[in-house]
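Here are a few notes to read alongside the model. Have a look at it first, then work through the points below.

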Amino acid sequence: MSPLALGESIPQDTAHAVSVSLPTWKSNIGYEEGEKWVVEKMATGYPRFFIHKSIQALASDIVSDYGLSDQQAMLFPTPAAAQRCINFVTNAEPSYLQKINLVELALDMSKTLSPLLKKLAPTVSAILLPKAAFPIAKQYWQHTGDGVSSRRAEFCHSLLRDGLLIPTNSTQISSEASPWAIRGPKRYQRTGNNGNSKDTGSYNYEESLESSRFLEERFGRNLDLAFVERAKSAIRRRIAGCLVQDMDSLPVMASNSRGLQNLHEDDVYLFPAGMNAIYNAHRALLYARGQMKSVNFGFPYVDTLKILQKFGPGCEFFGHASSADLDKFEELLRTGHRFLALFCEFPGNPLLICPDLQRIRRLADEFDFAIVVDETIGTFANINVLPAADIVVSSLTKIFSGDSNVMGGSAILNPNSRFYGQIKKAMNYIYEDTYWPEDAIFMERNSRDFFNRVDRINTNAEAICATLQQHASVKDIFYPKCNPSRHYYDEYRLPNRGYGGLLSIVFHSRQHAEAFYDSVEIAKGPSLGTNFTLGSPYVLLAHYQELPWAAQFGVAEDLVRISVGLEDTEMLQNIFNRALNATETMPKTDSDFNT
């Protein structure tokens, strides 16, 4: 297959792609170091780490219209999400409290609008803050997944340009005079009494109607709003384990692969990103049970730990997910420590280790804490962890979608949980459905053949694992089927199902890892669970600023993570064999290998 150029979207020529090509080891390091030869070529990036250019463009125009020259904008779908970001920024640096504006944008209902636009009722809440404060706001954006999606931004930008999206309310956090005292965008203002407003042209009513018609045709033709709620319903039912192939018929949920007959569609909550599901699960638990520390059990995806550390009273971290870690945790419990919840992944990322969920469940029942399990990598097509958990979260962006062109997340409440009533009440109180309709439509379409794709990927991953095991340059392979924790996985594996599509490789030397990565003829970039095989030096990307810390937990900086796709099995084996052959000229030494 032809290699993708540095900075190109993955998939190629995809406006809302979830990944970006970093085709060499050196380019990954260059990205982390912020080197121009990498950063300036990036058309896109992973959405919670790289602010999509559609979002950047909308934010820039909002600052131009309503802000000051030394401000940047961070965009959110609702005022509540924006306010949480403001709180995060001002808690980190109180001096910014006097320098932040909140501009809430919504449709101008005084204009002649199509029924479609009125029903869609798009909104954007923009935080205008000093450029120096932007990196703090970016932390909130990355950790929580609360920001606007690129499709929402693209749609709203068209409305803003045509004067159809206007401020409905403004909170001037600063005590200074409002920078947009004259109502409306600067581009539509005429000189006011103070003589300071710049005349940038008058409002063109015909152009706004033309834009409105264009948006209606574009949206209505391709993504009929009438189907949005049915699409979301179909997604929720699939996540609940009820096999819904399309939206033409949505039968009453009579059975599901989760094994809980009292599980209902409204126990499944959709979010704009997987991390947003985790963030809101934590928020709901804090609301339901009070301010208590949580536990992060097992080496986590980077932002899960950050959420537990930065939002609320903090957490205890057990990074090995081992029996010894469970012994230490149990000792804390038996000496009087109490916790809000234990968060874990099943399996973990990137070592694919599974914790002893049965023992954790027994401890939870005895010591009254909730269990939140992230099943993204195992996927509910292979495993059923809901009976052991109080909440199950997942990133729908991954294999549930597969197409790498839309974000999404979900949280399921276990109706048999002792905390169900409390969590349900809390979730219904805090929950805002911010899942942009276009994103929901894409997700529904992408996920129709989810189970069949997982079957194929299971088969391919086992074949690639066997290929890697046979080569002398490979030191370790992390994969649920061959890990020491396999028996914990098997306790929750569904009958005749597989071990998922993710595996990680550690080579005997850094040179081996680089030679393999640079040579392997697959897409290379962040993310996982794509329909195509995707590789990444994951630890470099996720933990570049904390590599020694990660190494404490057996996570080697030279690890190469592979997300196996749907390609022909023999073709994939040949690709991997050629890349492995490229390592054979490298020195076979551990001298430069960090563990």
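1. Start with helix 4 (residues 79-92) and helix 6 (residues 134-144), which pack at an angle of about 130° with their axes 9 Å apart. Helices here are DSSP runs of H or I with at least four residues, strands are E runs of at least two, and both are numbered from the N terminus. Axes are lines fitted to C-alpha atoms, for helices over the stretch in contact, and angles run from 0 to 180 degrees between N-to-C directions.

2. A word on the source: this is a predicted model, where local features need pLDDT of at least 70, side-chain atom pairs count only at pLDDT 80 or more, and totals for chains, interfaces and linings use all residues. Residues are numbered from 1 along each chain as its sequence is written, and side-chain values use heavy atoms, with hydrogens and water left out.

3. Back to the pair: helix 4 and helix 6 are therefore oblique to each other (under 35 degrees is roughly parallel, over 145 roughly antiparallel, 65 to 115 roughly perpendicular, the rest oblique).

4. Which residues of helix 4 meet helix 6? They are Ala-81, Arg-84, Cys-85, Phe-88, Val-89 and Ala-92, and they meet Ile-136, Ala-137, Gln-139 and Tyr-140 in helix 6. Contact means heavy atoms within 4.5 Å.

5. Now the sheet: seven strands form an open, mixed one in the order 7-13-12-11-10-8-9, and two strands pair if DSSP finds at least two bridges between them. Strand 7 (268-271) and strand 9 (315-318) are at the edges with a single partner strand each, so one side of each lacks a neighbour in the sheet.

6. Strand 12 (residues 391-395) pairs with strand 13 (residues 409-413) in the antiparallel sense over five bridges. Val-393 has Ala-411 in strand 13 as its bridge partner.
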